Amino acid sequence: MRVLEIILTVSTLLFMLSFVFRKLPLKVQMGLTAVSITLCAAQLWFEGYRWQMAGVYVIVLLGMFIRISKIIRGRSQEPLSSGKTSGTSIFRLLKRCSVAAGLLMVIGSAVLSSILPVVELPAPEGPYAVGVQTLHLTDSSRPEPQTPDPGDSRELMVYVWYPAAVKHGMHTAPWLPGDRQSNRKLMSAFAGSLRVPSFALDYWRYIHTNAYPDADWLRSEGPYPLILINHGLGSSSLLHTSLAENLASNGYIVAAVDHTYSSTATLFPNGTVTGFNDSLSADNFTGTGTQLGNIWNGDNRFVLGQLKQQFADYINAEQIGVIGHSFGGAAAYEAMFSVPAMKAGIDMDGSLYTLTGPKMSKPFLFIESEEYYNVKKQNTDPDIDAEEKIMNNVSLNGGGRLYIKGTAHYNFTDLQFYSSLLKYTGMTGSIHSARSNEIVNRLVLDFFNEHLKGIPYDPDDPGAAGYDEVVRP
């Protein structure tokens, strides 16, 4: 819960108790009423309305009207123990029921606000402030394969984080990148993906990042290594914000490509929001995965070329890496072959769609969830056997494989911060979100530091970093 929400909730509970005790002086009753109304107005003004607090808002308004009406009628509050007739007994019963219902509403609001909080993304751990820019890129050399119009070119949105020189008075960027109307479309798309009502996510508009929009680049420490991030299929680049910010704060340029029609939703500058078009087949994952992967890596090649042109003064073209989650992790593995500029890569919990071809000759790291690792152990599918062989062989070129105890698939995204309830759906594991985020960020940073910056790291000694949850099969 946010600060004013906590204060308002406590005040509302005291406000309700003032209706129970008759002997409270009128000044105290009116004072509690005024305080609750003032706090409610302040919370709405400074922090903003969200539906989780609706019970508190209703109780404050009802209490205000009841108290004002009694003052106008010149009647004082009756104690619960007053009355000697059956009529007053009924009144007492109704009053008790009303107070109990009010308490449940306030407590319910507090619970909902706690389990569905306005997320505060973890602060980056590096020494640099972080800037963020949004790019709208059009690849006129490629038609858009997901639309029927042959004249449509492939359009992409790319989020770029970088070490920044932040000026006094600048404010961090909101997590959602558009105006209010566009963000409603984004939240509606995310709600559909999570199978919850659209209004359930309207409080996401209050989430802020740790990056400063369009801040000046920090020139003195560059040029910087570049890392591309590929989101999962039906996911979003926005869900890798904390990973990108942490890398940028440690001296990297990070570009997250929103693969159009493969993300939950992609917002374009004109307000258009494209949705998710699932083009994979479970019966032919290798074939359809390869087709979609070719599109994604066409995106990666194009974006990489554009970034080198636009930010030539800041990018070290000899130090480029790639990382992805889920299908994006598989695309990252393929990018190591199809994009020669890639020097090192990481797959976070992604099943490979490329199981044949040359062996990996560049450093590559597989980070799996414990859930996926255990599923593969119980499966005798020949494709899984081929994938296991690939994962075991990457250690020959400075890479490796590991899994993290207590994790599930979405512990590799920022979605894990959005509610503690997710672990009951199986989307995240038993590990605390802050802990899994810390471990993943550290592993990713150490790997790229070694292979892009030349900072030594011993991949066979996870205990040195204090992470007992890291297991290397």
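Q: What makes Ser-153, Arg-154, Glu-155 and Phe-302 contacts of Thr-138 in this predicted model?
A: Contact means heavy atoms within 4.5 Å. Leaving aside neighbours within four places in sequence, Thr-138 is in contact with Ser-153, Arg-154, Glu-155 and Phe-302, so these four residues meet that cut-off.

Q: Where does Thr-138 sit, and how far is it from Val-303 in sequence and in space?
A: Thr-138 belongs to strand β1, residues 129–143. Val-303 is 165 residues away from Thr-138 in sequence, with 9.5 Å between the two C-alpha atoms.

Q: Why is Thr-138 called partly exposed?
A: Its relative accessibility is 40%. Buried means under 20% and exposed means over 50%, with partly exposed in between, so Thr-138 counts as partly exposed.

Q: Is Cys-40 buried or exposed, and how do you know?
A: Cys-40 has a relative accessibility of 7%. The cut-off for buried is under 20%, so Cys-40 counts as buried.

Q: What surrounds Cys-40?
A: Cys-40 is found in helix α2, residues 26–47. Beyond its neighbours within four places in sequence, Cys-40 is in contact with Leu-8, Tyr-57 and Val-60.

Q: What makes a set of residues a nonpolar core, and which members of the largest one touch the most others?
A: The members are buried residues of nonpolar kinds, joined through side-chain atoms within 4.5 Å. The largest nonpolar core has 59 residues, and Trp-161, Trp-175, Trp-204 and Phe-448 touch the most other members. Its largest share, eight residues, comes from α12. A second, separate core of 46 residues includes Val-160, Leu-226, Ile-253 and Leu-352.

Q: Which residues does Trp-161 touch?
A: Not counting residues up to four places away in sequence, Trp-161 touches several residues, among them Val-130, Val-132, Ala-211, Thr-241, Glu-245, Tyr-252 and Ala-256.

Q: How do you know which residues line the second largest pocket?
A: Lining residues have an atom within 4 Å of a pocket point. The lining has 21 residues, with Gln-416, Ser-419, Ser-420, His-432 and Ser-433 nearest the centre. At least two lining residues come from each of α4 (86–115), α11 (422–425) and α12 (433–452).

Q: How many lining residues of the second largest pocket are nonpolar, polar and charged, and how much space lies inside?
A: The lining has nine nonpolar, ten polar and two charged residues, and the space in the pocket is about 370 Å³.

Definitions and conventions. Residues are numbered from 1 along each chain as its sequence is written. This is a predicted model: local features need pLDDT of at least 70, side-chain atom pairs count only at pLDDT 80 or more; totals for chains, interfaces and linings use all residues. Side-chain values use heavy atoms; hydrogens and water are left out. On a 1 Å grid over the protein atoms alone, a cavity is a set of points where a 1.4 Å probe fits but cannot get out, and a pocket is an open set with protein on both sides within 12 Å along at least five of seven lines; lining residues have an atom within 4 Å of a point. Grid points are joined across faces, edges and corners, and a volume is the space filled by probe spheres set on the points. Helices (H or I, at least four residues) and strands (E, at least two) are DSSP runs, numbered from the N terminus. Ala, Val, Leu, Ile, Met, Phe, Trp, Tyr, Cys and Pro count as nonpolar, Asp, Glu, Lys and Arg as charged, and the others, Gly among them, as polar. Buried means under 20% relative accessible area, exposed over 50%, partly exposed in between (1.4 Å probe, protein chains only).
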